[in-house]
Amino acid sequence: MTYVPWKLDGMPDDCVLFGDDHGYINILRLSSKDLHMKNTQNDSQAMIIDPAKLSNEIIRRKVHNDWVIKVKYFPQLELFGSCSPCSTTSFVLGDLDKLLDQHPLRELSVPKGVNCFDYCARANVIATAGADKIIRMWHPLIFTRPTGKLIGHLFTISELTVNENDQHLISLSTARVFRIWGVQTLTCLQVFTSSEISPSEKRISAMFYDPKRDRLITGSGSIEMWPLTRAIQDSLQLPHTHDRSVSQVLYNSQMNQVVSICLEPVLKVWEMETGHLVYQIHEPHGPGHEVTAVNVNTTGYRLATGAYDGSIKVWDFGSGQLHKFYHHSPKDSDIKDSTITSIVYFNWEGKPCLFVSSWGHTIRVFEDNVSTDSLEQLFSLSDEYIYPIVSREIPRADDVFPSKPPLPPIGETLESAATEGDIVVSLLSTCQVTCLDFLSPRLLVAGTTNGIIILWDVEQHRVIRGFERLESRGTNSRRVSKHSHDSDYKLVHACKLVSCQKTDHSREITSIPEAIEEQDEKFQIEGTSNPDLNNNESISETNNESINEEAYAELNENVINEDEGNPESGNLDEGGSQQGDGPGDNEMPVSGEGGEEIEDGMHEEELNEDTEKQFQQSLDHLGIISVHHDGYIRFWNYE
C-alpha cells in the first residue's frame with residue numbers, strides 16, 4: 001500500500017494504491033466524509049472504514065498474473081510501480097491516468113519475478129531484485145535491457161532501499177545479509193549481517209532508510225535500528241575542502257589549477273596534480289554575498305567573479321589580488337534583483353571584454369581594460385528575433401481562409417516589424433538568461449529559464465536563431481510535476497557550443513552551392529554506363545574544342561588587321577608604348593588614386609563576401625549541447 005499525492009478530477013480527495021492476491025491494483029479515494037467517526041463501525045480511536053460506505057467506488061485493474069508483492073509511488077517521476085513473482089509481468093511502471101483509462105502500461109519480464117524495487121532520483125535509475133539473486137538497474141524510459149547488474153547475494157533478495165544522499169543501494173536477502181552498493185560504480189561497498197536471531201525472527205519483513213539520522217530501520221518481530229558510518233576504502237583520507245556546499249567549480253587549463261567556491265562564501269584555488277591549496281579568499285564580494293558566476297580568460301591570468309548582489313570583480317589569478325570592481329546600485333536602476341548568472345570572456349575588436357548575464361537584464365558587454373581601474377559597460381545585446389515568413393502572397397478576394405503571419409510563441413511579446421510582414425519578437429521579455437557560452441570569433445549561445453536556447457551573431461549584434469523544445473509549446477511533459485511550475489523543468493543549467501564534422505547522414509539536408517551541383521551533374525553525365533553515349537560526348541567535346549580554337553584564331557587575325565589599317569588607333573613609339581592623339585582620347589585611366597580606391601573597395605567587398613560565406617558554412621558544422629532541469633542532456637544542430 002502506498003499514498004499518492006494526486007488529485008483526481010480536481011476533487012480534494014486523498015488517494016491510496018494497494019495490491020491484492022489476484023494481481024489487481026486498487027485505487028482508494030478518501031474524502032473528509034469518509035473519515036468522519038459516524039461512518040466507522042465503532043467509536044474507538046482506531047477507525048475501521050467499510051468499503052461499501054465510501055463516497056467513491058474503489059477502482060480496480062488487473063496488471064499482474066500473480067499476487068502483488070509491493071506497490072510504490074515515485075513523486076519525482078509521477079509514476080507508480082508494482083512487482084509480482086510472475087515471470088511474464090514481473091514489474092509494471094505507469095501513471096494513474098493510464099491506469100484509469102485502461103491504457104497499456106510499461107511492463108518488465110524477469111525470470112522468477114521481482115520481489116522488491118526502488119528508485120534513485122539523483123542517478124535516475126530503478127533497481128529491481130528477486131528470487132534469481134540479481135539486482136538489475138533500469139532506466140525509467142528504457143526497459144529493453146538493464147543498464148547494469150549487481151551480483152553477490154547467495155539467497156533470494158527480499159528488500160531494497162536507496163540512500164539518496166550518498167547514492168547507495170542497500171539490499172537484504174532472506175539470510176539476513178545486508179549489502180551496500182554504489183549506484184554510480186555498481187560495486188559492493190560493504191557487507192554485514194545480524195548474528196542475534198531468535199526463532200520468531202528468522203526473516204526481516206520490512207526495511208527503511210532514515211536519511212536524517214543516517215540509519216537503517218528494519219522490522220520483523222521487533223524493530224531494529226542500524227546506524228551506518230561512512231568508511232573510507234583503502235584508508236584514503238579525503239581532504240576537507242569546504243564547510244558548506246560547493247556552488248562553483250572552474251578549471252584553469254593554462255595554470256593547471258582548479259577554483260572552487262562554496263556558499264559560505266569562500267573562494268579556493270587548488271593545484272590539480274598535488275591537490276594542495278594555493279590560496280583562498282574569504283567573502284570575495286562582501287559578507288553574505290554568494291558568488292554565482294566565475295570565469296577565466298584565455299591567458300589564464302585574469303579571474304572574473306559575479307555575485308548575488310549584481311557586483312562583478314576581476315582578480316589576478318596568480319596572486320588573488322583584486323584588480324577591478326563593478327557595483328550594481330539599485331537606486332540607479334529599476335531592477336532590484338540583478339544576480340549575476342554567467343560570465344564569459346571574449347575579445348571584441350581587439351579589446352578584452354566580458355559577456356555578463358543577470359536577472360532582469362539582457363546580456364551586457366563590459367570592457368576589461370588593463371589601463372583602467374573599473375569595468376566599463378559598452379553596450380547590451382538585443383534580444384529581438386525576426387521570425388522568417390515563408391509565404392508573403394497577397395490573399396485573394398474569394399479566399400475563405402486567407403493566410404496570415406504566424407503569431408509569436410505563447411508568453412512572448414510582439415514588438416515591431418522590421419519590414420512589412422516580418423514578426424519581431426523579444427525573446428527575453430518573459431524569461432531570464434541562466435548560462436552563456438562563446439565560440440570564437442562571433443557566436444554566443446545563451447540558455448534561459450523557459451528552456452529556449454538563443455544564438456547571437458556578436459559581430460552584427462543580432463539574434464540569428466532560437467532553439468526550443470518540442471514539448472514546451474502546448475504539450476505537457478511527463479516529467480513536469482502537477483504541483484510545480486512547468487518553467488522549472490524547462491530551465492537550462494548549462495549550454496556549450498561545439499564544432500561538429502559533417503557526416504553522410506547530414507548531406508541530404510545541407511544546401512549545396514550551384515557550382516557544386518553543376519559539377520555533380522557533369523560527373524553524373526560522364527559517369528554513365530552507356531559506352532556509345534560516352535564516345536559521342538567525347539567526340540562532341542573535341543569538335544567543340546577545335547571549333548573554339550579556329551574561331552579564336554580568326555578573331556585574333558581580324559583584330560590585328562583592324563589595328564594595322566586604322567589610322568586613328570595610335571602609333572607605337574620607339575619604346576614600344578602606344579601614344580594617343582592627346583587629351584581627346586576616350587581611354588579610361590587604369591591607374592592613379594581613383595583606380596586604386598575602386599580596386600581597394602572592390603577587394604574589401606570581396607573579402608567581406610568571402611568572410612560571410614565562411615561564416616554561413618561554419619553554421620552547418622555548429623552543434624549545441626544543453627543540460628536541462630528535467631534531467632535531460634539535449635543536442636542541437638543549426639538546421
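Author: pLDDT is the predictor's confidence in each residue, from 0 to 100, and contact means heavy atoms within 4.5 Å. This is a predicted model, in which local features need pLDDT of at least 70, side-chain atom pairs count only at pLDDT 80 or more, and totals for chains, interfaces and linings use all residues. Residues are numbered from 1 along each chain as its sequence is written, and side-chain values use heavy atoms, with hydrogens and water left out.

Reader: Over residues 504-592, how many contacts beyond four places in sequence does the model have?

Author: Where pLDDT is low, predicted coordinates should not be read in detail. Over residues 504-592 pLDDT stays under 50. For that stretch, the contacts beyond four places in sequence number 23.

Reader: What is the mean pLDDT of the chain?

Author: Of the chain's residues, 67% reach 70 or more. The mean is 75.

Reader: Which strands stand at the edges of the open sheet of three strands?

Author: Strands here are DSSP runs of E with at least two residues, numbered from the N terminus, and two strands pair if DSSP finds at least two bridges between them. The sheet has the order 39-42-43, with antiparallel pairing.

Reader: In strand 42, what is the bridge partner of Ser499?

Author: Strand 39 and strand 42 (residues 622-628) pair in the antiparallel sense over seven bridges. The partner of Ser499 in strand 42 is Leu622.

Technical notes:
Helix = DSSP H or I, 4+ residues; strand = E, 2+ residues; numbered from the N terminus.
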